Amino acid sequence: MGITLKSEVRFLRGVGEQRMKKYQKLGISTVEDLLRHVPREYIDLRNPLPIGRTTLGERQAVRGILGNKGMEHRLRQGLTIQKLLGVDGEDTITLTFFNGKYTVAGLQEGQEYLFYGRVEGSLTRREMNAPAIYPGDTRGLAPVYPLTAGLTSRGIAKDTATALAALKEIPDPLPDWIRKENHLCTLDYALRIIHSPRSPEEVTIARSRLVFDELLTLSISFSQMKRGRLRERIQPMAPVELTPFYAALSFPLTGAQKRAIGEAVEDLCSDAPMNRLVQGDVGSGKTMVAAACCWFAWKNGRQSALMAPTEILAEQHCKSLTPLLEGLGMRLGLLTGSCTAKEKRERKAALKKGEIDLIIGTHALITGDTVFRDLGLVVTDEQHRFGVAQ
């Protein structure tokens, strides 16, 4: 049986069970999940510079031949340093690695490489600490992915290339007329180019298609929920003064944040299920809006759930919200795939008894044996990362 989009990533050549567990921390289980885990940025390797033409203080790509590797020195327990030399016929650059034993071991003296990093030193002496290193014939834009412990951008790019090589043509769910009307490329082109583009223009073309897919999925899911919501009636929550919540914050909320909280609370006090999208840039305060709503639900004696697409995001939310909400008297819990079997049993039992007021987690929150005593609010972070049915 060949590789398909629905195949688990462990079946890809070179992945296996242990590497799949690392991928699952990023919310990646299938080949399609892997291909849709797109780079957050790219390193431009199209025009590497000679060492002597680099600019101090800037991140740049340098072409050079690896000279002497030098000896590895131990500075203290758990910290080693090794200095390498890059040469290009006219100038030299010192490359410093900390705990870089395995990186350095894979490099060959006399071989040409591209070194990428921040150039330091002086007018006559160039240095680069912990540079990214690529084969000398590398061209185009090198992808930089969101990572977790045990995974590198180079490794993800390799696994992605393996997956794309195993797939003949990725089927496109969009009809031709929709693609043409919206000036979109095919899904096959988008997923192949987004991981190995040759220019920023190609990135734009591929990203436009993938963003369109995310927004379309979001729109469909909202439409389905809205149809069901219009038929439902629920027990409204009672109005609660928000001043104690605001007073517990170490900073004042903006007018827009308070307005978003006020509109959400108004929905919670109605007899129709709330279905609200909070949208904003990174750092705009969306999490505080969610925290206020969870506190409001708790004051009404109801439980809340905050679901994130990856364990990393779930852990970050738990870490940032715990000091604030536990300080107000709420009881928080974390439920992810990495929790031990005992931790899962204990936290699910506490949820069922009503001993956890806000549970933060991943898909584990929607498994069949997760039961709440009185769930009143669900917050989903990055909803487009979940399936419509979920």
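**Stop 1: helices α9 and α10**

Select residues 255–268, helix α9, and residues 286–299, helix α10. This is a predicted model. The two helices pack at an angle of about 35°. Their axes are 9 Å apart. Now look at how they cross: α9 passes α10 in a right-handed crossing.

Which residues in α9 meet α10? Show the side chains of Gln257, Ala260, Ile261, Ala264, Val265 and Leu268. On the α10 side, show Met288, Val289, Ala292, Cys293 and Phe296. Colour this contact by residue type: 10 of its residues are nonpolar, 1 is polar and none is charged.

**Stop 2: aromatic rings by α10**

Stay with α10 and select Trp295. How far apart are the ring centres of Phe245 and Trp295? The distance is 5.9 Å centre to centre. The planes stand at 40°, and the pair is tilted.

Are Phe245 and Trp295 buried or exposed? Both Phe245 and Trp295 are buried.

Phe245, Tyr246 and Trp295 form one aromatic cluster. Lys258 lies over the face of Tyr246, at 4.9 Å from the ring centre.

**Stop 3: the Tyr113 and Phe115 pair**

A search of the whole structure finds 3 aromatic pairs. Go to one of them, Tyr113 and Phe115. Their rings are 6.3 Å apart, centre to centre. The angle between the planes is 40°, and this pair is tilted.

Why does Tyr113 count as buried? Its relative accessibility is 8%, so Tyr113 falls under the 20% cut-off. Phe115 has a relative accessible area of 1%, so Phe115 is buried by that cut-off as well.

**Stop 4: a charge over a ring**

Select Arg154 and Tyr134. What sits over the ring of Tyr134? The charged end of Arg154 does, 4.7 Å from the ring centre.

**Stop 5: Thr162 in α4**

Select residues 153–166, helix α4, and pick out Thr162 within it. Thr162 is buried, with a relative accessible area of 13%. Which residues does Thr162 touch, not counting those up to four places away in sequence? Show Leu12 and Arg13: Thr162 touches both.

**Stop 6**

Most residues other than glycine have a negative phi. The next two selections have a positive one.

First, select Ala130. Ala130 lies in the loop between β7 (126–129) and β8 (132–135). Its phi is positive, about 45°, although Ala130 is not a glycine.

Next, select His183. Where does His183 lie? Look in the loop between α5 (176–181) and α6 (187–193). His183 has a positive phi of about 55°, and His183 is not a glycine either. At 74% relative accessibility, His183 counts as exposed.

**Stop 6: Thr322 in α11**

Select residues 311–327, helix α11, and find Thr322. Not counting residues up to four places away in sequence, Thr322 touches Gly327 and Leu332. Now draw a distance from Thr322 to Asp33. These two are 289 residues apart along the chain, and their C-alpha atoms are separated by 30 Å.

**Stop 7: Ala349 in α12**

Select residues 341–353, helix α12, and pick Ala349. Ala349 counts as partly exposed, at 34% relative accessibility.

**Last stop: the whole chain**

Zoom out and show the cartoon. How many helices and strands does the chain have? The chain has 12 helices and 13 strands. Switch to the C-alpha trace, which spans about 75 × 55 × 45 Å along its principal axes.

Colour by accessibility next. Of the 390 residues in the chain, 41% are buried. Finally, show contacts with a separation of 6 or more: residues 24 or more positions apart account for 65% of them.

Notes
Residues are numbered from 1 along each chain as its sequence is written. This is a predicted model: local features need pLDDT of at least 70, side-chain atom pairs count only at pLDDT 80 or more; totals for chains, interfaces and linings use all residues. Side-chain values use heavy atoms; hydrogens and water are left out. Axes are lines fitted to C-alpha atoms, for helices over the stretch in contact, and angles run from 0 to 180 degrees between N-to-C directions. Helices (H or I, at least four residues) and strands (E, at least two) are DSSP runs, numbered from the N terminus. A crossing is left-handed if the near helix is turned anticlockwise from the far one by less than a right angle, and right-handed if clockwise. Contact means heavy atoms within 4.5 Å. Ala, Val, Leu, Ile, Met, Phe, Trp, Tyr, Cys and Pro count as nonpolar, Asp, Glu, Lys and Arg as charged, and the others, Gly among them, as polar. Rings of Phe, Tyr and Trp (its six-membered ring) pair if their centres lie within 6.5 Å; planes under 30 degrees apart count as stacked, over 60 as edge-to-face and the rest as tilted. Buried means under 20% relative accessible area, exposed over 50%, partly exposed in between (1.4 Å probe, protein chains only). A charge sits over a ring if NZ of Lys or CZ of Arg is within 6 Å of the ring centre and within 35 degrees of the ring normal.
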